Amino acid sequence: MRQRVHSGYELDDDRSRIDRRAVHAFLSHSYWAAGRERDVNDELIEGAGLVAGLYRGAAQVGYCRVVSNYRTVAYLADVFVLEGHRGLGLGIALVRFAIDHSDLAHIRKWLLHTRDMHALYARVGFSEPDGRLMERWRETSLVAGTCEPPSTVAREKSSR
Ligand SMILES: CC(C)(COP(=O)(O)OP(=O)(O)OC[C@H]1O[C@@H](n2cnc3c(N)ncnc32)[C@H](O)[C@@H]1OP(=O)(O)O)[C@@H](O)C(=O)NCCC(=O)NCCS
């Protein structure tokens, strides 16, 4: 499924169109997936419930990935828009494209982690979790994870 967004940008769920090198180049330097190996990232693309690419012409300028059982729950991850294309509403369009996708539009329970983009996700209906949500982090498998654990965030904050 393809969808045009303003001024020459296009969203596409075609997994084979993903520029895996470009996606890995961004994510391997992101705060949540720093150091993630290329083969691990390729596996995550292959195994995703949905991948959404944002393109300007042939160039990959944004991406996100959804993990889902297609029935009850979906987890949104690895959302980015490259610098130079930000501030145009493309991040919101990318996230909307994923959560409204026909394969996932019936899912009630969506989850994600974010360090500082709460305002963006609030605009598409995400809110702070209530007391029912719990997490478990295994400290040894961070590289393939979707975000750093709270303890790392705390360490980073205290070292600023
Ligand atoms: C997050 C990101 C995808 C947003 O992309 P974008 O195309 O600039 O987003 P949009 O133009 O659609 O912005 C929509 C809303 O997001 C929020 N937002 C965007 N950039 C923000 C920033 N730097 N700080 C705080 N809020 C921001 C705002 O609420 C904004 O609404 P507004 O324009 O009315 O203020 C992009 O900044 C990015 O790739 N950042 C680096 C990777 C990252 O942090 N990804 C998210 C991981 S959870």
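These legends walk you through close-up views of a predicted protein model with a ligand. Residues are numbered from 1 along each chain as its sequence is written, and side-chain values use heavy atoms, with hydrogens and water left out. Because the model is predicted, local features need pLDDT of at least 70 and side-chain atom pairs count only at pLDDT 80 or more, while totals for chains, interfaces and linings use all residues.

View 1. Starting at the N terminus, the order of elements is β-β-α-α-β-β-β-α-β-α-α. Of the 160 residues, 41% count as buried, meaning under 20% relative accessible area with a 1.4 Å probe and protein chains only.

**View 2. Meet the neighbours of the ligand.** The ligand is surrounded by 20 residues, with Val 79, Val 81, Gly 89, Gly 91 and Arg 123 the closest; a residue is near if one of its heavy atoms lies within 4 Å. By class, this shell has 13 nonpolar, five polar and two charged residues. Here Ala, Val, Leu, Ile, Met, Phe, Trp, Tyr, Cys and Pro count as nonpolar, Asp, Glu, Lys and Arg as charged, and the others, Gly among them, as polar.

View 3. Look for the polar contacts, pairs of N or O atoms within 3.5 Å. A polar backbone atom of Val 79 is 2.8 Å from a nitrogen atom of the ligand. Oxygen atoms of the ligand lie 2.8 Å from a backbone N or O atom of Gly 89 and 2.9 Å from a polar backbone atom of Ile 92. Strand 5 (73-81), helix 3 (90-99) and helix 4 (118-122) are the elements that give two or more residues to the shell around the ligand.

**View 4. Helix 3 is mostly covered.** Nine of the ten residues of helix 3 are buried. Among them are Leu 90, Gly 91, Ile 92, Phe 97 and Ile 99.

View 5. You will find Ser 68 in strand 4, residues 59-68. Ser 68 counts as buried because its relative accessibility is 18%. A polar atom of the Ser 68 side chain lies 2.8 Å from the backbone nitrogen of Tyr 70, and the side chain of Ser 68 also reaches the backbone oxygen of Val 73 at 2.8 Å.

Methods: A polar contact is a pair of N or O atoms within 3.5 Å; within protein, one must be able to donate a hydrogen and the other to accept it, and residues adjacent in sequence count only if both atoms are side-chain atoms. Helices (H or I, at least four residues) and strands (E, at least two) are DSSP runs, numbered from the N terminus. Buried means under 20% relative accessible area, exposed over 50%, partly exposed in between (1.4 Å probe, protein chains only).
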